[in-house]
Amino acid sequence: MAEIKDFRFELLMDAGNGAQKAGDILVKTFAKAGVYVFIEPIIPAEISPPKRTPHSLSGAVIRVSSDEISNIGSYSQFVLVEHEILLDRRCDDLEFDKDAVILMDFGNERRAKEAYENVSKRVLDAGLNLVPFSINDDSEAIIKELNGNGKNMYYLGLLSYFFTVDTSIVEIIIRETFKKLPAEKLEKNINLFHNGYSYASSLKQDRYEFPSLIDESEKVLLDGNTAMSLGIIDSGFKLFAGYPITPASTIMHNLARLLPAYGGTLHQAEDEISAIGTVIGSYFSGVPAITATSGPGLSLKQEFIGLSVSAEIPCVVINVQRGGPSTGLPTRTEQTDLFSAAFGSHGDSPKVVISVANVEDCFYVPHVARYIAEKCRLPVIILSDYMTSSSYRVLDKLTLNKMDDIETIQDFVLDRFFMKRLPDTIEMVKGNQDTPGQTGGMRRVTGLNTNEDGFVEYSSVSNQRSHEIRNQKVHHVKDALLEPESFGSQDGDILIVGWGSTRSVIEESVQKLSEKGLSVGGCHLKIVYPLAPMLKEVFSRYKFVVSIEVAYGDSMKYTPFATLLRSETLVDVRGLIAQATGRPLKPVQVVEKVESFLKENVNA
Amino acid sequence: MPEEKKALSMKDLKSSDPRWCTGCGDYTILVGLRKFMVNNQLERENTVNVSGIGCSGRIPHYMNTYGIHSLHGRSVPVALGIVLARPDLNVFVHSGDGDSLSIGGNHLMHGIKKNFNCVYLLFDNQIYGLTKNQTSPTTRKGLPTQSQPSGSMLEPINPIHFALGLGASFIASTADWLGTHFVDTLDKAFKHNGFSFVHVAQRCPKFNPAAWDFQESSWITFLTDETHGVANDAKGAPDAKVLAHNPLDFDEAMKKANGVPDIFGVFYKEDKAVYNDLLIQQNDSVEQKSRDSLLDSFII
Ligand SMILES: Cc1ncc(C[n+]2csc(CCOP(=O)(O)OP(=O)(O)O)c2C)c(N)n1
Ligand code: SF4
Ligand SMILES: [Mg+2]
């Protein structure tokens, strides 16, 4: 039995066959044993694509480690796959370790002999270890009785055997997960699980064992969007207005169940424009409100974002980035909405953009966004991404802030985003910022330019004044930014810079490169607009500064973040990794790229 | 003894000076709105005028209440945000024919469906005013405009049929120059619980003077009903015809609406669930929790 510290595996099944359910159960089992887990679900863009087609690829990639982790790692070392078509499709993603063990269900081999042969050859030629298995006859009979369901429980049994988990715990979690099933069906599922477990030993393959941690602290299992939803409640928002769009919808789903219990209201709008309009109406009336969307919805909201700037009505927009342009890749990850967030809406519309690095950040970002939005009375855009929104993590139980008015935001929350408190008073274009109901405060807000008294004014002096004050608000935020988080060497040959969900990839690759004796530093930004003022100085301590981004770039086009950093610092920042494949970046990829870059440019 | 509150007067409702063309119907709408507020002694601080963009969109600037002059076509979502946040406020929405039925058609449709509590005024000058004379959704077929110089090509939308078809709970039509009829209609609309849709024939002497012949009244028909309707405005329209109509009768309302735009009065009225009330009821039925327990169900 091999003891394992850090391991990545995946379970691949046809969509609708319950791979994610089985993955969840296994992950909860690991978590109960004190192991850290990170899961990335693989979800097709369609609801139920035909089974036994490449479009039907669905499943869960799971990384387990004895150390805290917040990325999916590099390659899968172990794969359990339902049939040859899914394996063939998944091989195209280049996500398997060179020594990976691949367990494939050969149950369909008779109907697709040639296809099985071809895929087996593909896998063996790549040097992977293929282990055929099948579902035993008893279990096939049960699956038939369950109308074709339950295969996932058999597979769960196999996985539980190979990962040496305590079957009694798995059983408890299965019972909890399927508590709504009729007892007879539930027992059949449990039988399938045990059948899979005992069958697995006949495969004569190595088992793996994860060391248990003795850590007794309370842990929670959360995905990014759930953490964001809970953060919205903890930070005191009282209205959520939304319109369904992948991958942001689950925030609305969570809040539909949760928000009313905490004194808030969930409103499903007729479109994204309406959702932000309602947020602005609510904020104008003094009630903190928030909306969430993804790429196409962000495009629709841009005009209202400009109204928020001009009328000085706070608003907070969460944008969970997915592949673009247009409908793009709705269930894949990308970091390409940076410009539409920072520079969207027409005219000069200064705003603030905050990104999240991980699930914990999702919980705390609504607090910071609300703090800045209300303090400066401007729009704040939160940038999450598919990867962060849908991946699960086991983490230490989060400390609540229970924010009421914005001054009750706690220092540890601001610290997380590397910022200080803002000045007590920030100048507004309009002197009177009363909300309806306040006697004597009657005022009219508008997208037109106004003077200090709030009256429409077209004079050049007045317009310039308004621009100045609106930009000054963002400058106050810039002044409040501390030096962003850094990793590894504080000076040297190369600095790897990134934002949002690439944080742990930077951290991990810098650590690996430093262990190899290379002079490498890492720098990660959460607040990406405005940029922290000391970046130029930080960058000057390294010979080269490169960015890593899940965004397209090439020799004639800088990636978005590199472009932003270049214009801010006048440093020749280039996208070392500028790739928008829909997949998150891998630490090994960064390690390899940095090594070859240094070989060419420093040690040449 | 607490100081006695001063009665609200027309003067109290003045804000900055209007900038519409001479003879524009928006002036009389503004005056009618103020008169209505004075009649009902509505509190200025608890009143919000919301608008989209257009000549009509300027109304909030000229009313000394709270106000938002929002985006073209987007006044309904903003108004809804105000109503959800503060259901106690009096919310009036002001929107042009283009604002309502073209760019904002989807929002208006859903505002009507949600039946949230506000008074919605559709300022129908049958033209795009602020952008200088383009065909609007209600422009009469044949009228030459800047965008369709050989004559507007399509039949106009009938706003009353639009609202009836969507199930609006209160539908009336009036005209800017009808004085008491306008104010009485506002009154009826305000007292109705839900989304009160008021179509207002509005003069645009600048670009569409032929739309409404306000000096003549023989073309006008008033719908009357003692209990639910609005009194015939003999003063504003001495030669108008009068037609008895029961606004509780949907089929009859559909038929009478064939006479639009030459017919004014309350077309339809119905008690219907109000979205903001439903949300409050729904939220009230949920057991309230303390945030201390927020993460409990996620602990493993
Ligand atoms: C998104 C957007 N598109 C176009 C415009 C330009 N625009 C301003 S008002 C208007 C039409 C106004 O017509 P209507 O709604 O009938 O109002 P009126 O001026 O006649 O009162 C248009 C097209 C705008 N402000 N915003
Ligand atoms: S253009 Fe027409 S609607 Fe606009 S202000 Fe002039 S008269 Fe009134
Ligand atoms: Mg018009």
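How many residue pairs are in polar contact across the interface of chain A and chain B? The rule finds 29, with both residues at pLDDT 80 or more; a polar contact is a pair of N or O atoms within 3.5 Å, and within protein one must be able to donate a hydrogen and the other to accept it, while residues adjacent in sequence count only if both atoms are side-chain atoms.

This is a predicted model, in which local features need pLDDT of at least 70, side-chain atom pairs count only at pLDDT 80 or more, and totals for chains, interfaces and linings use all residues. Residues are numbered from 1 along each chain as its sequence is written, chains are lettered from A and ligands numbered from 1 in the order in which they are written, and side-chain values use heavy atoms, with hydrogens and water left out.

Let me stay with the interface. Chain A brings 63 residues to the contact and chain B brings 50, contact meaning heavy atoms within 4.5 Å. The rule also finds three salt bridges here, each a side-chain nitrogen of Lys or Arg within 4 Å of a carboxyl oxygen of Asp or Glu. One of them joins A:Lys402 to B:Asp292, with the closest N and O atoms 2.4 Å apart.

I turn now to the ligand. Around ligand 1 stand 17 residues, each with a heavy atom within 4 Å of it. Because these residues come from chains A and B, the site is shared between chains. Oxygen atoms of ligand 1 lie 2.8 Å from a polar side-chain atom of B:Ser56 and 2.7 Å from a polar backbone atom of B:Asp99.
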